[in-house]
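Let's take a friendly walk through this model, starting with the overall layout and ending at a few single residues. Keep the sequence and the 3D view at hand as you read.

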Amino acid sequence: MRTSSKRSWVKVYINSFLGGSVRYQLTPAERSVWVDMLCLAGISGTPGSICDNDNRPHPHKFVAHQCNIRVTLLESALRKCIEDGRITEDEQGIHISNWSAYQSEYQRQKP
């Protein structure tokens, strides 16, 4: 589902982020990649996905550049996030699992 308006925020539960599995399963650098991926998925025309306007995946090098990180760090974070079920990746891009949990208030407050 494509949208015409961009989100200006995503919801992150403080207690879950500070005390949940993300805290011990990902390194500090990988956690920053996770938050960057949430933000990139929030500005995408395809909600919850990191892809171009034609639903094609961005190259990892492009995503790493957007996050201002090395490709090796991005790929390490992607691998762990896939293993833990946080994301999926296919021929249409990177997809945040359970995207609606990060947006439940967005739809209610959207103008």
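Helices (H or I, at least four residues) and strands (E, at least two) are taken here as DSSP runs, numbered from the N terminus. With that in mind, the protein chain has 6 helices and 3 strands, and along the sequence they follow the pattern α-α-α-β-α-α-β-β-α. This is a predicted model, in which local features need pLDDT of at least 70 and side-chain atom pairs count only at pLDDT 80 or more, while totals for chains, interfaces and linings use all residues. Residues are numbered from 1 along each chain as its sequence is written, and side-chain values use heavy atoms, with hydrogens and water left out.

A residue is buried under 20% relative accessible area, exposed over 50%, and partly exposed in between (1.4 Å probe, protein chains only). A contact means heavy atoms within 4.5 Å. Of the 111 residues in the protein chain, 37% count as buried. Among contacts with a separation of 6 or more, 67% come from residues 24 or more positions apart.

Running over residues 71-83, α5 has 13 residues and reaches 18 Å from its first C-alpha to its last, close to the 18 Å expected at 1.5 Å a residue (the expected span is 1.5 Å times one less than the number of residues). Which residues of α5 are buried? They are L74, S76, A77, L78 and C81. An α-helix has 3.6 residues a turn, so residues three or four places apart point the same way. The cover over the buried residues of α5 includes α3, α4, β2 (87-90) and β3 (93-96).

L78, in helix α5, shows this in detail. L78 is buried, with a relative accessible area of 2%. Not counting residues up to four places away in sequence, L78 touches M37, H60, I87, E89 and I94. One of these, H60, is 18 residues from L78 in sequence and 9.8 Å away in space, C-alpha to C-alpha.

T88 is partly exposed, with a relative accessible area of 43%. Leaving aside neighbours within four places in sequence, T88 is in contact with G93, I94, H95 and S97. T88 and S49 are 39 residues apart in sequence and 9.4 Å apart in space, C-alpha to C-alpha.

Now to the empty space. Rolling a probe the size of a water molecule over the atoms shows where empty space is left. On a 1 Å grid over the protein atoms alone, a pocket is an open set of points where a 1.4 Å probe fits, with protein on both sides within 12 Å along at least five of seven lines; lining residues have an atom within 4 Å of a point. Grid points are joined across faces, edges and corners, and a volume is the space filled by probe spheres set on the points.

The largest pocket has a volume of about 270 Å³. Of its 16 lining residues, Y13, S16, V22, W34 and Y102 are the closest to its centre. Helices α1 (14-19), α2 (21-25) and α3 (28-43) each supply at least two residues of that lining. For the classes, Ala, Val, Leu, Ile, Met, Phe, Trp, Tyr, Cys and Pro count as nonpolar, Asp, Glu, Lys and Arg as charged, and the others, Gly among them, as polar. On that basis the lining of the largest pocket divides into 8 nonpolar, 5 polar and 3 charged residues.

The second largest pocket has a volume of about 160 Å³. Of the 13 residues that line it, L40, I43, S44, C51 and H58 are the closest to its centre. Helices α3 and α4 (60-67) are the elements that give two or more residues to this lining, and α4 gives the most, with 3 residues. By class, the lining of the second largest pocket has 6 nonpolar, 5 polar and 2 charged residues.

Finally, a look at some backbone angles. Most residues other than glycine have a negative phi. N68, in the loop between α4 and α5, has a positive phi near 60 degrees, and N68 counts as exposed at 71% relative accessibility. N98, in the loop between β3 and α6 (104-109), also has a positive phi near 60 degrees.
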